[in-house]
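Visitor: Hi! Could you walk me through this structure in plain words?
Guide: Happy to, let's open it up.

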Amino acid sequence: MTFTIPFDNTYAALPGQFYSKLPPQAVTAPRLAAFNEDLARIMGITPGDAGEMAQVFGGNLVPEGADPLAQLYAGHQFGTYNPQLGDGRAILLGEVLGVDGKRRDIQLKGAGRTPYSRNGDGRAWLGPVLREYVVSEAMHALGIPTTRALAAVETGETVWREGGLPGAVLARVAASHLRVGSFQIFAARGDKASLRQLTDYAIARHFPEADGPMGLLRAVRDAQSELIAAWMSVGFIHGVMNTDNSSIPGETIDYGPCAFMDDYHPHRVFSSIDRGRRYAYANQPSIAVWNLAQLATALIQQMDDPEAGVEEATEIVHAMPARTEEAWLSRFRAKLGISAAGDGDLELVTGLLERMAENQSDFTNTFRALADGTARDQFTDPAAFDTWAPDWQARLEGAPDPQAVMRSANPAFIPRNHRIEEMIAAAVAGDYALFNKLNRVLAKPFEDQPEHADLQRPPLPQEVVQATFCGT
Ligand code: AMP
Ligand code: MG
């Protein structure tokens, strides 16, 4: 074995109530389907041969220095509290300090049953693994905080869902896998000591400047405000913003039924399980506030007198909407080519968005086209654009280099749902060409790549993906 990973674990050194230690379950015939060399380099990992890496990332061989475990957490799922979740199909191998000085988790998702699997099989199938690989890497290239994909392995086993499907494991990388639900479980149990330990751990690892539980709450609020504003700015719908999928370091985590919108509508939902439309595009800022309130409720339980913490916690949570709106406006201003705040910016942005919603305008292509003067073609009734454009043009007078501002705020390429579905179908049939092409093109989303115009095209009516699935 020559393939090594320079582990440096801290979570595994916490006391036992935070996890169950166990190795991943071996698979029959692991085959390395993808490996992210750029990410490996930043993490200080020297690639080994494909066979060795398939053994490690498939879960058959626990590499030296790893201290595998399943993390414990709870969470509100669609608003209902579930007192015990935890990694039901994921194993944290350990942490690595990168050459950039950043600490990152390496987790195998789809690594077999754990004490938290409930009725699940602990496995994942190839479709959602490759979807998460491509979409999370695209998110990173868009400059948005996210977990990343280090490797994907086909297991050679069949996973049973609606039918038999090829099994796979994703080696996922995160700043950490701490979630709002990681705190909720100990609050619900009235375990102040564990809450304090976890709070100290989260502060030391992510927000060393934060002071105590309320400092942590403030830091998470700010990170989440920025994150949600960033999602909104690229038309991203997370789809399952449960508190167990709400990251403490503020990364996008859990690419289940997520989607990037094609034609813009604020109430768009893709997730097939989101029947109440709780996690619709335009609801995301307020859901993030709701999730932060759950974190606040959990964090104050560690105080000697939780009642005494209510006022400050409430104040922190109540300040979130204004922060998100500020971050949101700053991003949408840039999308219009404006770099400095001015009167009437909010009306200018909403005026365009309303017209886009009424005219089935493609979210990505409309904004991208603003810079080259062809945006009106994106409206079923181009006159709707013409009634908005003069105010915008007036606002741009004297603005410094609006073209450049727009081109670095409006991506040309997003992972479109119909291409993701096409990619999965091809990969299941053994053809990874589209998977590789998507990774290559989406790595430079702000560059014109005219030879890949096919990936900019919205779906034809028969290609439209109506629903996405949790893919568990
Ligand atoms: P998710 O919807 O992926 O956020 O998962 C919610 C919870 O269900 C987490 O505790 C997962 O670990 C668990 N889970 C999801 N799929 C499976 C599966 N196939 N086997 C076991 N647990 C699962
Ligand atoms: Mg989850």
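Guide: One term to begin with: a residue is buried if its relative accessible area is under 20%, exposed if over 50%, and partly exposed in between, using a 1.4 Å probe and protein chains only. This is a predicted model, where local features need pLDDT of at least 70 and side-chain atom pairs count only at pLDDT 80 or more, while totals for chains, interfaces and linings use all residues. Residues are numbered from 1 along each chain as its sequence is written, chains are lettered from A and ligands numbered from 1 in the order in which they are written, and side-chain values use heavy atoms, leaving out hydrogens and water.

Visitor: Okay. Is Gln107 buried or exposed?
Guide: Gln107 is buried, as its relative accessible area is 0%. You'll find Gln107 in strand β7, residues 103-109. Helices (H or I, at least four residues) and strands (E, at least two) are DSSP runs, numbered from the N terminus.

Visitor: And what does Gln107 touch?
Guide: Contact means heavy atoms within 4.5 Å. Setting aside residues up to four places away in sequence, the contacts of Gln107 include Asp87, Leu93, Leu170, His177 and Arg179.

Visitor: What about Thr155, where is that?
Guide: Thr155 sits in strand β9, residues 148-160. Thr155 is buried too, with a relative accessible area of 2%. Beyond its neighbours within four places in sequence, Thr155 is in contact with residues including Val27, Pro30 and Val169.

Visitor: New topic: what coordinates the magnesium ion?
Guide: Asn245 (OD1) and Asp254 (OD) coordinate the magnesium ion (ligand 2), at 2.0 to 2.2 Å. Donors are N, O and S atoms within 2.8 Å of the metal (3.2 Å for Na, K and Ca), and water is not among the atoms, so sites may look incomplete. Asn245 and Asp254 are both buried.

Visitor: Now helices. How do α6 and α7 pack?
Guide: Their axes are 10 Å apart, at an angle of about 165°. Axes are lines fitted to C-alpha atoms, for helices over the stretch in contact, and angles run from 0 to 180 degrees between N-to-C directions. So α6 and α7 are roughly antiparallel to each other. Angles under 35 degrees count as roughly parallel, over 145 as roughly antiparallel, 65 to 115 as roughly perpendicular and the rest as oblique.

Visitor: What kinds of residues make up that α6 and α7 contact?
Guide: By class, there are 15 nonpolar, one polar and one charged. Here Ala, Val, Leu, Ile, Met, Phe, Trp, Tyr, Cys and Pro count as nonpolar, Asp, Glu, Lys and Arg as charged, and the others, Gly among them, as polar.

Visitor: At what angle do α7 and α9 cross?
Guide: The axes of α7 (residues 284-300) and α9 (residues 320-335) cross at roughly 140° and come within 10 Å. That makes α7 oblique to α9. In this contact, Pro285, Ala288, Val289 and Leu292 of α7 meet Met320, Pro321 and Thr324 of α9.

Visitor: How many residues of α11 are buried?
Guide: Eight of the eight residues of α11 (residues 363-370) are buried, so α11 is largely enclosed by the rest of the structure. The cover over those buried residues includes α6, α9 and α10.
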